[in-house]
Amino acid sequence: MSDTDTTPTISTDVEDSTSERETRPTPDSDEAVIESRNLSVHYGDVQALQSIDLQIPNRQVTAIIGPSGCGKSTFLRCINRMNDLVEAATIDGKLLFNGTDVYEEDIDPVALRRRIGMVFQHPNPFPKSIYDNVAYGLRIQGITDDMDERVEQALKRAALWDEVKDQLDKSALDLSGGQQQRLCIARAIAVDPDVLLMDEPASALDPIATSKIEDLIEELAEEYTVAIVTHNMQQAARISDKTAVFLTGGELAEFGDTQKIFENPDSQRVEDYITGKFG
Ligand SMILES: Nc1ncnc2c1ncn2[C@@H]1O[C@H](COP(=O)(O)OP(=O)(O)OP(=O)(O)O)[C@@H](O)[C@H]1O
């Protein structure tokens with residue numbers, strides 16, 4: 001990277017993990033933070049993604065929608081190399097994060113996952129206190145200074161602080177499902193990532209908790225690049241700026257501004273999917 005570059009690259013270790021978000025330059029909005037080029041994934045003989053070219057812009061919400069089994073989660077998991085953990089998975093093509101291919105040999109997946117955090121469908125807090133859940137990733141990185149302040153800030157950003165500030169020692173498992181999910185979001189953002197990947201983060205929650213998570217996602221996109229897989233088309237239409245529609249066989253059928261995709265898609269197949277003719 002040249003001295004004049006303003007784009008952060010992936011560290012190959014966790015050494016720079018203490019850098020502060022405020023001091024880290026970020027790409028312009030609309031500039032791609034994540035870009036897949038000709039990305040294909042197979043699980044054994046099954047092709048899950050077919051030559052996907054997709055650009056996920058900075059500090060916006062990108063929704064990934066499509067019928068069951070079309071490869072949405074597979075795509076999300078390629079971004080922070082979670083598919084490394086699946087023995088049968090083979091990945092071809094490129095997945096660029098700020099211009100660097102995350103599948104290059106010298107990329108440390110653990111450092112990558114600090115920069116690209118993930119929230120799953122079912123809230124999965126550790127059986128520890130609320131405080132320790134948020135502090136966990138920081139401690140692993142050897143960060144010990146200003147811990148109380150860092151925990152408070154992460155809980156505030158996750159819109160949970162007011163509900164838990166007087167009970168930080170309480171077990172995270174005693175929180176409601178919606179609170180647990182916001183705690184998982186706090187845990188993910190405590191380590192100061194650039195990107196948040198969310199795999200159906202509200203599908204296990206009731207409507208009120210879902211609405212809080214949706215509001216939160218929109219707020220988070222002011223600071224983070226968010227990519228969310230959802231089965232809920234209304235949710236995608238409500239909260240996302242860009243939408244990618246995957247169709248059966250792992251094909252990217254259409255990608256663009258959410259309003260355009262939902263109101264005037266280019267392809268008949270996407271229109272059929274969005275209007276509920278299949279899926
Ligand atoms: N670990 C795995 N081993 C083998 N095949 C897998 C594995 N994970 C996913 N697949 C297959 O890859 C294809 C895409 O799966 P993926 O979970 O990415 O789709 P999806 O669109 O997220 O589905 P859903 O909406 O049902 O969660 C499917 O055919 C699925 O059966």
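pLDDT is the predictor's confidence in each residue, from 0 to 100. The structure is a predicted model, in which local features need pLDDT of at least 70, side-chain atom pairs count only at pLDDT 80 or more, and totals for chains, interfaces and linings use all residues. Residues are numbered from 1 along each chain as its sequence is written.

Begin with the whole chain, coloured by confidence. Its mean pLDDT is 89, and 89% of its residues reach 70 or more. Helices (H or I, at least four residues) and strands (E, at least two) are DSSP runs, numbered from the N terminus. Select strand S3 (residues 61-65), where confidence is highest, at a mean of 98, and then helix H7 (residues 207-220), where it is lowest, at 92.

Next, select residues 1-9, where the pLDDT is below 50 and the model has 11 contacts beyond near neighbours in sequence. Two residues are in contact if their C-beta atoms, placed from the backbone, lie within 7 Å. Residues 11-25 also have pLDDT under 50, with 20 contacts beyond four places in sequence.

Now display helix H4 (residues 147-157) with helix H6 (residues 177-190): their axes come within 8 Å and cross at roughly 125°. Axes are lines fitted to C-alpha atoms, for helices over the stretch in contact, and angles run from 0 to 180 degrees between N-to-C directions. To see what joins the pair, select Arg 150, Val 151, Ala 154, Leu 155 and Arg 157 of H4, together with Ala 186, Ile 189 and Ala 190 of H6.

For the complex, the predictor gives an ipTM of 0.98 and a pTM of 0.89.
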